[in-house]
Amino acid sequence: MALRAVQSILRLDPTARLASHIVRRFADKAAPAVEPAAKPKGWWSSAEFWGGMGALAGWGMTGAAIYDAQFSGPEKISLTMTPVMIVYSSLFARWAFVVKPQNMMLAACHASNVVAQTNQMRRAIEHKLSLGQDAEVRDIGVKAGAGAAGIAGLVVAGPSLQAAIVGANLGPVSTFAGAAAGPFTVHFWAPMSKWMISGASMFELDRPVEKISLAQYTALTLTGAFFSRYSLLVNPVNYMLCSVNIALFGSSAWHLGRKVKADYVDPK
């Protein structure tokens, strides 16, 4: 009966109806919104999982350089691949530090790889000098110096050049120049350095198998596989990094297959 009386008053009295409406509105706003619980990410969609696997493969690459320094002769060191690896790891140490989610394990492994590959470069140069190949060593030094000077110039001029291109309103060119993974960021140049590794592998497809490091190419093959997925889960998403790792996987797997076939399959 009391409920019917209240309902009758609300139907008859406009002021009461308005007051009831206002009360309901404030009650709705005051009530905290209940968001559905986020579904836990599976391993396939986890940047942390793929980043961790990529870091482990990266540590394998660093370990390969350390292993080769201890147990392999300097004649096996590639003067094409080793300088590329130094540049590559320098850029990826920076990339792993700034990408989201941050990957400190990957950054540490690439910083270590810079040291390990520099030691391999030293061993290769000392071996060349011991064989009297001074002219080849000088040529390597000139190329390295020119490359370092070019990189330093681009780093210094980069911010001014980017601002000029973006401010010129050149349509897609300006948009690309100002992009989060554009050509003035490490998100662009880290994958480009990996293209150099893939290129070095592709230019040496007929490299003698006795000069192929089983440990190094195992690590490179795994790196290509893991980063093909990892690159699509980070922020910013990096399609160039995905494509280069597919290429790296293919070229490194080719060398690895040749090495395994020669050492373990073919009759001696």
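User: Which residues does S174 touch, if residues up to four places away in sequence are not counted?

Analyst: Apart from those neighbours, S174 touches I165, V166, A168 and N169. Please note at the outset that this is a predicted model.

User: Where is S174 placed, and is S174 buried or exposed?

Analyst: S174 has its place in helix 7. To read burial, compare the relative accessible area with the cut-off: buried means under 20%. S174 has a relative accessible area of 7%, so the residue is buried. Its side chain also reaches the backbone oxygen of I165, at 2.7 Å. Between the C-alpha atoms of S174 and A164, which are ten residues apart in sequence, the separation in space is 9.0 Å.

User: What can be said of the loops on either side of helix 7?

Analyst: The loop between helix 6 (134-167) and helix 7 holds N169. Phi of N169 is near 55 degrees, which is a positive value in a residue other than glycine. Exposed means over 50%, and N169 counts as exposed because its relative accessibility is 66%. The loop between helix 7 (172-177) and helix 8 (186-203) holds T185. T185 is buried, because its relative accessible area is 18%. Not counting residues up to four places away in sequence, T185 touches A179 and A180.

User: How many helices and strands does the protein have, and what share of its residues is buried?

Analyst: The protein has ten helices and zero strands. Read from the N terminus on, the elements are α-α-α-α-α-α-α-α-α-α. Of the 268 residues, 35% are buried. The accessible surface comes to about 15,600 Å², and 69% of that area belongs to carbon and sulfur atoms. To see how the chain folds back on itself, consider contacts with a sequence separation of 6 or more: 76% of these in the protein join residues 24 or more positions apart.

User: How does one check the length of a helix, and what span should helix 10 have?

Analyst: The check compares an expected span with the distance between the end C-alpha atoms. Helix 10 (residues 239-265) has 27 residues, so at 1.5 Å a residue the span should be 39 Å; the end C-alpha atoms are 37 Å apart, which agrees.

User: Which residues of helix 10 are buried?

Analyst: First, the general idea: an α-helix has 3.6 residues a turn, so residues three or four places apart point the same way. In helix 10 the buried residues are L241, C242, V244, N245, A247, L248, S251, S252, H255, L256, K259 and A262. At the start of helix 10, a side-chain oxygen of N238 comes to within 3.5 Å of the backbone nitrogen of M240.

User: How many disulfides does the structure have?

Analyst: A disulfide is a covalent bond between the sulfur atoms of two cysteines. A search of the whole structure finds zero disulfides. C109 is buried, with a relative accessible area of 0%, and C242 counts as buried at 14% relative accessibility.

User: Which residues does the UniProt annotation "transmembrane region" cover?

Analyst: An annotation comes from a record and can be set beside the model. The unreviewed UniProt entry gives residues 49-67 and 79-97. In the model, residues 49-67 are 100% helix and 0% strand, with end C-alpha atoms 26 Å apart. Residues 79-97 are 89% helix and 0% strand, and their end C-alpha atoms lie 28 Å apart.

Methods: Residues are numbered from 1 along each chain as its sequence is written. This is a predicted model: local features need pLDDT of at least 70, side-chain atom pairs count only at pLDDT 80 or more; totals for chains, interfaces and linings use all residues. Side-chain values use heavy atoms; hydrogens and water are left out. Helices (H or I, at least four residues) and strands (E, at least two) are DSSP runs, numbered from the N terminus. The expected span of a helix is 1.5 Å times one less than its number of residues. Buried means under 20% relative accessible area, exposed over 50%, partly exposed in between (1.4 Å probe, protein chains only). A polar contact is a pair of N or O atoms within 3.5 Å; within protein, one must be able to donate a hydrogen and the other to accept it, and residues adjacent in sequence count only if both atoms are side-chain atoms. A disulfide is a pair of cysteine sulfur atoms within 2.5 Å. UniProt positions are given in the numbering used here, feature names are shortened, and annotations may be inferred rather than shown by experiment. Contact means heavy atoms within 4.5 Å. Accessible areas come from the Shrake-Rupley method with a 1.4 Å probe; for residues, only the protein chains shown count as cover.
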